[in-house]
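This briefing is meant for a reader who is meeting the structure for the first time. Please keep the sequence and the model side by side while reading the points below.

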Amino acid sequence: MLVTKCVSTNLKGHLTIEGADAIELAERFGTPLYVYSESKIRQKIREFILSVNKYYNGNGMVVYASKAFSCKEMYRICMQENIGIDVVSGGELYTALSVGFPAEKIVFHGNNKTRQELVQAVENGVGRIIVDNLTELKLLDSIAKELGKVAGIMLRIKPGVDAHTHDFIKTGQIDSKFGFALETGEAMKAVKTAIAMDNVNLRGLHCHIGSQIFDVDPFELAAKVMLEFYRDIKLETGKEFDELNLGGGFGIKYLKSDSHQPYGEYMKNVAAVVNTFSHELGIKTPFILIEPGRSIVGVAGVTLYTVGNVKDIPDVRTYVSVDGGMTDNPRYALYKSDYEIVCADRAEEDRSETVTVAGKCCESGDLIQENTKIQPVKAGDTLAVLSTGAYNYSMASNYNRIPRPAVVMVKDGEARVVVKRETYEQITANDL
Ligand SMILES: *Cc1c(COP(=O)(O)O)cnc(C)c1O
């Protein structure tokens, strides 16, 4: 059994992705290759929409955090599914606008947006700019004034959720580069400053406590903390917000040992907190935004590589080198991330060998996985790394002047290129 239902095997014993034979895909499009199951992406989006409808009575919106996987086709899919998107840079914003994504449904994040990016957002009418700090707040107000506009904003708050209990929470604590701290009074001061400004419209507040979180508790706790702050704001200023953005961070299954609740369970529990607490605290039940990234695209993606040399170092380890590496998947080098790897040619055979899968970059740390179990492999075989849909293509680089792989989407067995493979001409295009 493979870790994700997104892949299967056919009569030839080859790995398939939404019905497409991985070996045929590798031959037709070359490797390394990112392959996505389009239906899986849409299914995940719809699961989130359904649970927002069910548990928040439709009083909410799914906003795909597009840094997980950003390209024109992904923005088109979000548009067709009628959800919002998060962007975190002028480049992501530009890409989304280039396919006609409605600006009102764009949420713009970032802890250090440039003046140029803020102008781009205001000029294009981005619905919610998530303001990170006072410098940005003042700059944005003045930019909006110059442009004769009122910018829709939310403030990013660090809810200070107890990171000692939940070590995996990485962005909600006071020592984070993102957002305004609650404990120090900084957040309240920022709220009052924003309320007093003429060219920003404070629609509500935002928090995002981290990523790849399996537990429901920290999400519930963050929601409670935010609602208590809404009550404090109401008491101190009389202002009530219509919206609350609770961020993303829902964990996905990279290995069989990873387990998470169905995403509906998170929604159910957090919605119960939102509904009862807003009632108890005497505040309006806010419209909820959620920002799943990884959980929408992660398991939908597979990376295919061709095996080059297999280097057996007796009593040490066996290196299986592939034609990509940290340039298309830097996550093992960055965080020692786990992945399941299979030989796509013989996907049903026992994974009896323990090997280290290495990339082709001039870095010893350029590994895809260490001491992982795979089928016996030889040069020319195709390796499939599963659940690479999030933070792989979007984190890819041209280190060693290696071109970025193509991205292919498969729908009902039919594959199409959605991002072309980079060429050497493109890599040198800006060189003078
Ligand atoms: C990265 C990010 C997300 C998405 O996180 P996932 O773990 O991919 O769900 C959502 N909101 C913000 C503000 C983020 O920075």
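What follows is a set of notes on a predicted model, grouped by topic.

The notes begin with the ligand and the residues around it, go on to backbone geometry, and end with a few individual positions and their distances to other residues.

**The ligand and its surroundings**

- The ligand has 15 residues around it, and those that come nearest are Lys67, Ser211, Glu291, Arg294 and Tyr391.
- Sorted by class, this shell around the ligand is made up of seven polar, five charged and three nonpolar residues.
- The space that the ligand takes is the largest pocket.

**Backbone geometry**

- As background for this group, most peptide bonds are trans, and most residues other than glycine have a negative phi.
- Thr31 and Pro32 are joined by a cis peptide bond, with an omega of about -10°, and Pro32 belongs to the loop between helix H1 (22-29) and strand E4 (33-37).
- Asp315 is not a glycine, yet its phi is positive, at about 65°, and its place is in the loop between strand E14 (301-313) and strand E15 (317-322).
- Tyr391, which is not a glycine either, has a positive phi of about 55°, and it is found in the loop between strand E19 (382-386) and E20.
- Is Asp315 buried or exposed? Asp315 counts as exposed because its relative accessible area is 85%, and exposed means over 50%.
- Is Tyr391 buried or exposed? Tyr391 counts as buried because its relative accessibility is 9%, and buried means under 20%; Tyr391 is also among the residues that come nearest to the ligand.

**Positions within strands**

- Val408 is part of strand E20, which covers residues 406-411, and Val408 counts as buried because its relative accessibility is 0%.
- Between Val408 and Asp338 there are 70 residues of separation in sequence, and their C-alpha atoms are 23 Å apart in space.
- Ala151 is located in strand E9, residues 151-158, and with a relative accessible area of 5% Ala151 is buried.
- Ala151 and Asp198 are 47 residues apart along the chain, while a distance of 9.6 Å separates their C-alpha atoms.
- Thr9 and Gly19, ten residues apart in sequence, have C-alpha atoms that are 8.5 Å apart in space.

**A position in a loop**

- Gly238 lies in the loop between helix H8 (217-237) and strand E12 (243-245), and Gly238 counts as exposed because its relative accessibility is 55%.
- How far apart in space are Gly238 and Leu304, C-alpha to C-alpha, and what is their separation in sequence? Their C-alpha atoms are 56 Å apart, and the two residues are 66 residues apart in sequence.

How values were computed. Residues are numbered from 1 along each chain as its sequence is written. This is a predicted model: local features need pLDDT of at least 70, side-chain atom pairs count only at pLDDT 80 or more; totals for chains, interfaces and linings use all residues. Side-chain values use heavy atoms; hydrogens and water are left out. A residue is near a molecule or strand if one of its heavy atoms lies within 4 Å of it. On a 1 Å grid over the protein atoms alone, a cavity is a set of points where a 1.4 Å probe fits but cannot get out, and a pocket is an open set with protein on both sides within 12 Å along at least five of seven lines; lining residues have an atom within 4 Å of a point. A molecule sits in a cavity or pocket if more than half of its atoms lie within 2 Å of its grid points. Ala, Val, Leu, Ile, Met, Phe, Trp, Tyr, Cys and Pro count as nonpolar, Asp, Glu, Lys and Arg as charged, and the others, Gly among them, as polar. Helices (H or I, at least four residues) and strands (E, at least two) are DSSP runs, numbered from the N terminus. Buried means under 20% relative accessible area, exposed over 50%, partly exposed in between (1.4 Å probe, protein chains only).
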